[in-house]
Amino acid sequence: MRMANISCARATATERRNRAALVAALLLVTAGPLYAGPPVMEDKVAAPNADPTFPFSNEIAAFAQAEAASPPVADATLFLGSSSIRLWDIKNSFSDIGTVNRGFGGATTPDVLHYYKRLLPKAKPRSIIVYVGENDLAAGATPDKVAGDVLTLLRQLRADYPKAHIAYLSLKPSPIRWTLWPKMAAVNMTVAARGKTMKFDYLDVSRPLLAADGLPDASLFRADGLHMNPRGYARWTQLVDTYLDRAVLADASIGRDS
């Protein structure tokens, strides 16, 4: 009997070990390997961007390349700002004067301030035309914030070019952004009120884009309802050309060198 009890005990212990091994095997199958070696990293090549915080590196680089490839334009008019400047056929619209286009699409005033030094031409401009701020409002900035940033930009331009004629073009109404017009008008009013003390000019280029009913004239805009077509730009060109002609005559009358 004693031998039988010992045999039974040994059999029971063996069964327990077998069950434990089976359970461990099942856990490995269901949970996966406890260690499968180091993780395999996917090869991801980041898109080259010299300035990852801001999305306009390519445009700014193109300005630098164009500047390096051409001689400085003496007494030029610098056009600075967002897509309303970039899409303007400035070279042909003002063919009787030297021009430099530094507009880049989608730019806000903080973008222009961020790239400020890299947007300036090699030669001091005689005049500077600025259009920016519209995209700021579309992105959710308040009128006070937009006006403050615009005035910061104009103040910096005046400090760097004390003798230049500087004009800020009023924010324009457009069919697709008509709901923003009250905020645009608030920015325009704030900026215009500072023109005399900060020594820049304010040009109202919004009124010529309105129809008789007081709404944006859709015939002056592209199909996107945002950017002007050649007819719309023709109205801007007329106003700005008159301003620049007067600036040249003012310089000639006092013998001022740019």
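Mentor: Keep in mind that this is a predicted model.

Trainee: Where is E134 placed, and what does E134 touch?

Mentor: The place of E134 is in helix α7, residues 134-138. Leaving aside residues up to four places away in sequence, E134 touches L171, K172, S174, R177, M184 and L226.

Trainee: How do I read a helix such as α8?

Mentor: Set its span against the expected one. Helix α8 covers residues 143-160, which is 18 residues. From its first C-alpha to its last it reaches 26 Å, close to the 26 Å expected at 1.5 Å a residue.

Trainee: Which residues of α8 are buried?

Mentor: They are V146, A147, D149, V150, L151, L153, L154, L157 and R158.

Trainee: What should I know about nonpolar cores?

Mentor: In soluble globular proteins, nonpolar side chains tend to be buried together. Here the largest nonpolar core has 57 residues, and W88, L154 and L157 touch the most other members. At least two residues of this core come from each of α2 (57-69), β1 (77-81), α6 (116-119), β3 (127-131), α8, β4 (165-169), α9 (181-193) and α11 (230-254).

Trainee: Which of these elements gives the most to this core?

Mentor: Helix α8 does, with 7 residues.

Trainee: What does W88 touch?

Mentor: Not counting residues up to four places away in sequence, W88 touches F79, S93, F94, N101, L169, Y233, W236, T237 and V240.

Trainee: How do I read the aromatic rings?

Mentor: Look at the distance between ring centres and the angle between planes. The count comes to 11 aromatic pairs. In one of them, the rings of W88 and F94 have their centres 5.7 Å apart and their planes at 65°, so this pair is edge-to-face. Both W88 and F94 are buried.

Trainee: How are the rings of W88 and W236 arranged?

Mentor: Their centres are 5.5 Å apart and their planes stand at 65°, so W88 and W236 are also an edge-to-face pair. W88 lies in the loop between α3 (83-86) and α4 (90-93), while W236 is in helix α11, so the pair ties together parts that are 148 residues apart in sequence. Both W88 and W236 are buried.

Trainee: Which residues form one aromatic cluster with W88?

Mentor: The cluster is formed by F79, W88, F94, Y131, Y233 and W236.

Technical notes:
Residues numbered from 1 in each chain as written. Predicted model: local features only at pLDDT ≥ 70, side-chain atom pairs only at ≥ 80, totals over all residues. Heavy atoms only, no water. Helix = DSSP H or I, 4+ residues; strand = E, 2+ residues; numbered from the N terminus. Expected span 1.5 Å × (residues − 1). Buried < 20%, exposed > 50% of the residue type's maximum accessible area, 1.4 Å probe, protein only. Core = buried A, V, L, I, M, F, W, Y, C linked by side-chain atoms within 4.5 Å. Contact = heavy atoms within 4.5 Å. Phe/Tyr/Trp six-rings, centres within 6.5 Å; stacked < 30°, edge-to-face > 60°.
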